[in-house]
Amino acid sequence: MIFTEKEILLRDGTKCILRSPNEHDAEQMLSYFLTVSEESYFMINYPEEILFTEEEEKELLIKKAESATDIMIAAVINNKIIGNSSLYCYCDKKKMRHRSCIGVAIEKEYQGKGLGDLLVRETILMAKQIGFSQIELGVFSDNEKALNLYKKYGFERWGCTRQAFLLKDGTFRDEIVMGLMI
């Protein structure tokens with residue numbers, strides 16, 4: 001699905017474009033994913049695990065654009081992708097296709113400027129437009145910024161998966177499972 005492009009201003013006055021990434025953004029999307037994976041362990045992948053080729057990323061972006069249930073929203077500043085939210089159908093089986101999942105990531109330099117807030121809000125609106133009745137997510141238990149952001153939009157804690165993430169240093173992090181009925 002394609003997101004209608006919007007120009008917004010961040011809290012500090014920086015102009016940002018929200019739009020669907022397309023196949024021409026494949027190289028930049030891969031670079032962005034590597035950056036956010038290097039900056040924080042809150043991402044599900046370590047940088048060395050991002051093995052998509054540029055061609056595979058192009059195919060994924062085309063597939064997202066053609067999907068009736070999946071969407072990506074890229075945040076672009078000065079022609080550079082610095083943030084992203086994604087929404088996808090949890091499972092295409094009849095009993096579960098009312099469920100969706102959300103993921104949001106922003107480069108460290110652009111955090112704290114209201115962009116996460118805007119991405120979550122726009123993604124929830126898209127979920128409603130698509131016709132989902134709930135949005136689910138998993139977040140590292142020590143990611144206070146994300147937990148607070150999702151709570152602000154009405155996401156509730158639905159559970160906890162103990163030791164869901166094993167970090168390189170040998171420590172574990174729990175995953176907080178959250179959901180929003182829409």
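In this predicted model, helix H3 passes helix H4 in a right-handed crossing. Helix H3 covers residues 115–130 and helix H4 covers residues 144–152, and the two pack at an angle of about 45 degrees with their axes 10 Å apart. H3 and H4 are therefore oblique to each other.

The residues that bring these two helices together are Gly 116, Asp 117 and Val 120 on the H3 side, which meet Leu 149, Tyr 150 and Lys 152 on the H4 side. Sorted by class, the contact of H3 with H4 has three nonpolar, one polar and two charged residues.

The C-alpha atoms of Leu 149 and Val 120 are separated by 8.3 Å, although the two residues lie 29 residues apart along the chain. Leu 149 has a relative accessibility of 18%, and because the limit for buried residues is under 20%, Leu 149 counts as buried.

| Helix pair | Residues | Angle between axes | Distance between axes |
|---|---|---|---|
| H1 and H2 | 26–39 and 54–66 | about 105 degrees | 8 Å |
| H3 and H4 | 115–130 and 144–152 | about 45 degrees | 10 Å |

The angle of about 105 degrees between H1 and H2 makes H1 roughly perpendicular to H2. On H1 the contact is made by Ala 26, Glu 27, Met 29, Leu 30 and Phe 33, while on H2 it is made by Glu 54, Glu 57, Lys 58 and Leu 61. By class, the contact of H1 with H2 has five nonpolar, no polar and four charged residues.

As for the protein chain as a whole, it contains four helices and eight strands, which follow the pattern β-β-α-α-β-β-β-α-β-α-β-β when read along the sequence. The radius of gyration of the chain is 16 Å, close to the 16 Å that the globule rule gives for 182 residues, so the chain is as compact as a globular protein of that length. Taken along the principal axes, its C-alpha atoms fill a box of roughly 40 × 40 × 35 Å. Of the 182 residues of the protein chain, 45% count as buried, and among the contacts with a separation of 6 or more, 61% are accounted for by residues 24 or more positions apart.

Conventions. Residues are numbered from 1 along each chain as its sequence is written. This is a predicted model: local features need pLDDT of at least 70, side-chain atom pairs count only at pLDDT 80 or more; totals for chains, interfaces and linings use all residues. Side-chain values use heavy atoms; hydrogens and water are left out. Axes are lines fitted to C-alpha atoms, for helices over the stretch in contact, and angles run from 0 to 180 degrees between N-to-C directions. Angles under 35 degrees count as roughly parallel, over 145 as roughly antiparallel, 65 to 115 as roughly perpendicular and the rest as oblique. A crossing is left-handed if the near helix is turned anticlockwise from the far one by less than a right angle, and right-handed if clockwise. Contact means heavy atoms within 4.5 Å. Ala, Val, Leu, Ile, Met, Phe, Trp, Tyr, Cys and Pro count as nonpolar, Asp, Glu, Lys and Arg as charged, and the others, Gly among them, as polar. Buried means under 20% relative accessible area, exposed over 50%, partly exposed in between (1.4 Å probe, protein chains only). The radius of gyration is taken over C-alpha atoms; the globule rule is 2.2 Å times the number of residues to the power 0.38.
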